[in-house]
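Visitor: Please show me the protein, and then let us go through it by question and answer.

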Amino acid sequence: PVGFMAGFVSATVGFAAPIALAAMAFAKYLHAALPDVPQMLASVAIVCLVTAAHLFTLRSSQVFQNFFTGFKLALIAALVLAGWFLGPREPVSFLPARGDSALVFSAPFAVSLMYVLYAYSGWNAATYIIGEVRRPARDVPWALIAGTLFVGVLYVALNAIFLLTVPMGKLAGHIDVGHLSAEAIFGAQGGRIMSGLICAGLVSSLSAMTWAGPRVAATIGEDFSPLRFLARRTRGGIPAAAVLLQLGIVLLLLLSSTFESVLLYTQVALVVCSLLAVVGVVVLRLRAPELPRPFRCWGYPITPLLFAAIAVFTLVYTTIQHPPQAAAGLGTLLLGLGIYFIGRRVRAKTRSAA
């Protein structure tokens with residue numbers, strides 16, 4: 001039941017919400033470049049176009065994804081280099097200062113970790129397409145390790161440039177911080193051009209999640225007969241029903257929620273699932289110490305317990321500071337459990353009738 005619940009969260013909001021968030025950011029940057037384009041129309045149009053690109057064949061999905069990923073990496077590298085060599089310098093220090101420990105254990109810091117966890121939330125996405133990888137035993141571990149390290153370096157470097165080139169007070173409350181940084185580096189016209197390029201870079205994020213998300217739903221359909229329709233694939237190997245279901249959820253989130261509320265709602269559900277998975281590592285070690293373990297948790301038991309403590313820390317303060325979003329996230333978890341038990345009861349009745 002817990003495994004199904006986690007899969008349900010991942011298959012529904014786990015990918016759909018980040019797609020909606022990326023589409024909102026896309027619209028913000030496009031508005032900065034082309035102010036006359038309606039933001040809602042831009043968000044809806046881009047998710048529909050990217051979804052359509054992933055409804056053909058696996059080969060077309062791969063080409064589409066690789067092209068936009070390469071473009072985004074080049075764009076981030078260009079912005080980091082330009083910011084370092086051409087941009088202004090704000091009086092900001094990246095070293096710890098006296099009194100910072102009080103900030104680290106404060107409620108705002110705990111909630112801010114939800115945003116950081118969201119930023120890294122795609123690190124495990126390669127596992128969702130493992131059935132479409134030629135040499136998964138070799139390639140997937142490398143994709144996870146190298147990809148996470150590479151993205152970590154890019155993420156920290158890019159945020160350092162944002163802080164170095166734009167006053168911190170001006171960054172607060174803005175989604176399109178890349179536009180503000182580009183404007184500080186290149187001027188108003190250069191900032192508009194860079195915002196247009198960032199739009200194209202965001203297509204890579206939209207594409208990656210549009211590709212990976214339906215594979216989770218399809219796997220659930222393979223294992224859980226009441227949702228078997230999600231596992232059906234086209235001749236090109238695409239789980240079309242799962243892709244379209246995800247699109248419907250994305251459009252619902254776009255039309256009904258704001259950026260912050262979608263992010264916090266999703267992260268509450270996902271952090272609970274991550275917490276259960278990490279605690280499960282400890283439980284399994286205690287219950288079945290004799291099991292063969294090709295990969296062992298580095299730093300055990302300190303690393304899983306440390307992660308669990310941080311997860312509980314963020315969940316408690318997010319629930320206190322943002323109760324509606326926390327309630328919605330927990331409600332999604334309970335909905336997944338409810339569907340599991342109802343589906344299992346229906347399946348049992350069908351078998352007994354047969």
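Visitor: Among contacts in the protein chain between residues at least 6 apart in sequence, what percentage join residues at least 24 apart?
Guide: This is a predicted model, where local features need pLDDT of at least 70 and side-chain atom pairs count only at pLDDT 80 or more, while totals for chains, interfaces and linings use all residues. Residues are numbered from 1 along each chain as its sequence is written, and side-chain values use heavy atoms, with hydrogens and water left out. A contact means heavy atoms within 4.5 Å. Of the contacts between residues at least 6 apart in sequence, the share joining residues at least 24 apart is 76%.

Visitor: Is Thr-165 buried or exposed?
Guide: Thr-165 lies in helix α6, residues 136–165; a helix is a DSSP run of H or I with at least four residues, numbered from the N terminus. Buried means under 20% relative accessible area, exposed over 50%, and partly exposed in between, with a 1.4 Å probe and protein chains only. Thr-165 has a relative accessible area of 2%, so Thr-165 is buried.

Visitor: Which side chain makes a polar contact with the side chain of Thr-165?
Guide: A polar contact is a pair of N or O atoms within 3.5 Å; within protein, one must be able to donate a hydrogen and the other to accept it, and residues adjacent in sequence count only if both atoms are side-chain atoms. A polar atom of the Thr-165 side chain lies 2.7 Å from the backbone oxygen of Ile-161. The side-chain partner, at 2.8 Å, is Ser-181.

Methods. Helices (H or I, at least four residues) and strands (E, at least two) are DSSP runs, numbered from the N terminus.
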